[in-house]
Amino acid sequence: MSFNVEAVRQDFPILQQQVNDQPLVYLDNGATTQKPNSVIDAITNYYRCDNSNVHRGAHTLSDRATGHFEQARKTVQKFLNASSSDEIIWTKGTTEAINLVAFSWGLSELKQGDRVLVSHMEHHANIVPWQMVCQRTGAELVAIPVTDQGELDLNAFEALLDERVKFVSMVHVSNALGTVNPVADVIELAHKVGARVLIDGAQAVAHWSIDVQVLDCDFYVFSGHKLYGPTGIGALYGKAELLNQMTPFMGGGEMIETVTFAETTYNRLPYKFEPGTPNIAGAIGLAAAIEYLNQLDRQQVEQHEQDVLNYALERAEAYEGLRLIGSAKQRAGVLSFVLEGAHPQDVGMLLDQQGVAVRTGNHCAMPIMDFFGVPGTIRASFALYNTRADVDALFAALDKAKRLLF
Ligand code: PMP
């Protein structure tokens, strides 16, 4: 059976509404995706029936909550094909996961003369934490150049790789351009000089299956809310060997084994990195989102999404006065552009008035905006429930915006 997008749309109640008297066309999935009923139900059922603190083991509700919470961790483990659920650490999202690695790993491993490489197309979440840690340790943060097409310059990357490089942190899919980076090559090349590699999967996990063992990355991070799950929950995958060596980034309850005023010993993985009461409902909601995706044919989903994106690219290329930002060959989920002579924000407002939700601005990726010489772009970003009709609605709304602006 082929992918039935109309049936899928019925699973997302928020899509069935009018915004500004027009049917909602939601094209801001790069910022956050909408949630299917099964995710909303999983969260409300948890609060209705099982709400309790986890790992306290004192009563039935707590046991139940703990069971669901740890089952959710296993769901994430399978989703990424990690070899053990001990390698899955709950975080608030991608940002916290990168900070965890930058501070836990970086503060103890980096020193003067070392280098951390990030690409020129990173989200601020994958620049600023490394900058902070480099400032403290005396290591140097170096940006890997991109080409005029907005692709990673692999030759330049190879030229940068030497024994000074201790860490490479790179986005899998750029949220600002949609470029898909050749992360398997990046990981292999970085490992040859003994560097560790983190992949920021925030914009990738919704689009295709990830296998961290095949990739052989040291860390992989993502946010639940960009994967049809709730906000405030995400995950860090890390190789157990590395996580075991790392010192926790935050202290508190749950992450300890014993505490005296003289000394604290830490809990085993994964709890060592999870101080305080976790986002239990969030973890359960995220697992429900993964289960939602799992009952679909992910290859069909990917094909459908590529078809919608290719159609959007075709229309964009033929559209007068539109300049695409980034023209990578491998891309996913994102159409980033400017209209000659119009401020992206004005265009965004005029689209919103017609029920079309896009994001405008620098997309938390100022360095790549500077590279392309624009203060920001208009970004339409697609999810599995978007259709070619949504693309047509976007361009019809752009026609009207142009008439109003010029
Ligand atoms: N990296 C990328 C590529 C992103 O798209 C985002 C979210 N826009 C982040 C990191 C940060 O994710 P979060 O805000 O969920 O922590």
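**Exercise 1. The ligand site**

Task: Find what an oxygen atom of the ligand has at 2.8 Å in the side chain of His 225, then list the residues that surround the ligand.

Solution. 
- Step 1. An N or O atom in the side chain of His 225 lies 2.8 Å from an oxygen atom of the ligand. This is a predicted model, in which local features need pLDDT of at least 70, side-chain atom pairs count only at pLDDT 80 or more, and totals for chains, interfaces and linings use all residues. Residues are numbered from 1 along each chain as its sequence is written, and side-chain values use heavy atoms, with hydrogens and water left out.
- Step 2. Take Gln 203 next. An N or O atom of its side chain is 2.7 Å from an oxygen atom of the ligand.
- Step 3. Turn to His 123. Here a nitrogen atom of the ligand is 3.3 Å from a side-chain N or O atom.
- Step 4. Complete the surroundings. Thr 94, Thr 95, His 123, Val 171, Asn 175, Asp 200, Ala 202, Gln 203, Ser 223, His 225 and Lys 226 surround the ligand (a residue counts if one of its heavy atoms lies within 4 Å).

**Exercise 2. H3 against H10**

Task: State how helix H3 and helix H10 pack, and which residues make the contact.

Solution. 
- Step 1. Locate the helices. H3 covers residues 60-80 and H10 covers residues 280-294 (helices are DSSP runs of H or I, at least four residues, and strands are runs of E, at least two, numbered from the N terminus).
- Step 2. Read the geometry. The angle is about 45°, and the axes are 9 Å apart (axes are lines fitted to C-alpha atoms over the stretch in contact, and angles run from 0 to 180 degrees between N-to-C directions).
- Step 3. Classify. H3 and H10 are therefore oblique to each other (angles under 35 degrees count as roughly parallel, over 145 as roughly antiparallel, 65 to 115 as roughly perpendicular and the rest as oblique).
- Step 4. List the contact (heavy atoms within 4.5 Å). H3 gives Ala 65, His 68, Phe 69, Ala 72, Thr 75, Val 76 and Phe 79; H10 gives Ile 280, Ala 283, Ile 284, Leu 286, Ala 287, Ile 290, Glu 291 and Leu 293.
- Step 5. Sort by class. The contact has 12 nonpolar, two polar and one charged residues (Ala, Val, Leu, Ile, Met, Phe, Trp, Tyr, Cys and Pro count as nonpolar, Asp, Glu, Lys and Arg as charged, and the others, Gly among them, as polar).

**Exercise 3. H14 and its partners**

Task: Describe how H14 packs with H12 and with H11.

Solution. 
- Step 1. Start with H12 (residues 344-352) and H14 (residues 388-405). They pack at about 120°, with axes 9 Å apart. They are therefore oblique to each other.
- Step 2. Name the residues. Asp 346, Val 347, Leu 350 and Leu 351 of H12 meet Leu 394, Ala 397, Leu 398, Ala 401, Leu 404 and Leu 405 of H14. Nine are nonpolar, none polar and one charged.
- Step 3. Move to H11 (residues 298-317). It packs on H14 at about 25°, with axes 9 Å apart. That makes H11 roughly parallel to H14.
- Step 4. Name this contact. Asp 307, Val 308, Tyr 311, Ala 312, Arg 315 and Ala 316 of H11 meet Arg 388, Val 391, Asp 392 and Phe 395 of H14. Six are nonpolar, none polar and four charged.

Technical notes: Polar contact = N/O pair within 3.5 Å; in protein donor to acceptor, adjacent residues only side chain to side chain.
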